[in-house]
Amino acid sequence: MSNINNLTESNDTCFIAEGTVITGDFSTTANVRLDGKILGDVDCNGKIIMGKKGAINGNIRGEKLTMEGFFEGECHLSDTLHLMPTANVNGVFRAGKLIVDEGAILNGDCQIGPGTGKQA
């Protein structure tokens with residue numbers, strides 16, 4: 001099982017702390033650790049790790065996403081969507097792979113498989 005605190009081998013990580021609210025679109029080439037809230041679209045070329053207090057209300061485009069928090073919107077991932085036991089997600093999901101841990105809540109439309117998460 002993956003360790004949610006182990007973001008990646010890279011040192012390039014953007015940390016969004018609990019209590020932080022970003023209103024508007026957010027784009028980065030770094031990995032993201034999200035414990036705050038984003039009210040807007042997220043475009044990330046790396047991996048997104050969302051903690052239990054993290055939330056996104058908007059669309060996500062990225063590579064990998066591991067969620068413990070809340071999400072509502074459309075999610076397009078070129079690789080893996082991993083929903084941890086406390087995740088609560090609502091929307092449209094397109095990803096190469098899907099992992100749903102017991103206890104996670106998933107409401108929406110899913111398409112999973114190679115090439116599905118890529119968006120033009």
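**View 1. Glutamate 72 and its bridge partner in strand E13.** Glutamate 72 has asparagine 90 as its bridge partner in E13. Strand E11 (residues 70–77) pairs with strand E13 (residues 88–95) in the parallel sense over seven bridges, where two strands pair if DSSP finds at least two bridges between them. E13 is also joined by eight bridges to strand E15 (residues 105–112), and these two run parallel; valine 92 stands opposite aspartate 109 in E15. This is a predicted model, in which local features need pLDDT of at least 70 and side-chain atom pairs count only at pLDDT 80 or more, while totals for chains, interfaces and linings use all residues. Residues are numbered from 1 along each chain as its sequence is written, and side-chain values use heavy atoms, with hydrogens and water left out.

**View 2. The protein as a whole.**

**View 3. Phenylalanine 71 and the largest nonpolar core.** The largest nonpolar core has 23 residues, and Phe71 is among those with the most contacts inside it, together with Ile56, Ile60, Leu65 and Met67. At least two residues of this core come from each of E4, strand E6 (42–44), strand E7 (47–50), strand E10 (64–67), E11, strand E12 (80–83) and E13. Such a core is a set of buried Ala, Val, Leu, Ile, Met, Phe, Trp, Tyr and Cys residues joined through side-chain atoms within 4.5 Å. Not counting residues up to four places away in sequence, phenylalanine 71 touches Ile56, Gly58, Ile60, Asn88, Val89, Asn90 and Phe93, contact meaning heavy atoms within 4.5 Å.

**View 4. Asparagine 31 in strand E4.** Asparagine 31 is found in E4 (residues 31–34), and it counts as buried because its relative accessibility is 8%. Its side chain reaches the backbone nitrogen of lysine 47 at 2.7 Å.

**View 5. Valine 100 in strand E14.** Valine 100 lies in E14 (residues 97–100) and counts as partly exposed because its relative accessibility is 41%. Leaving aside neighbours within four places in sequence, valine 100 is in contact with Leu83 and Leu106. The C-alpha atoms of valine 100 and leucine 81, which are 19 residues apart along the chain, are separated by 8.3 Å.

Technical notes. Helix = DSSP H or I, 4+ residues; strand = E, 2+ residues; numbered from the N terminus. Buried < 20%, exposed > 50% of the residue type's maximum accessible area, 1.4 Å probe, protein only. Polar contact = N/O pair within 3.5 Å; in protein donor to acceptor, adjacent residues only side chain to side chain.
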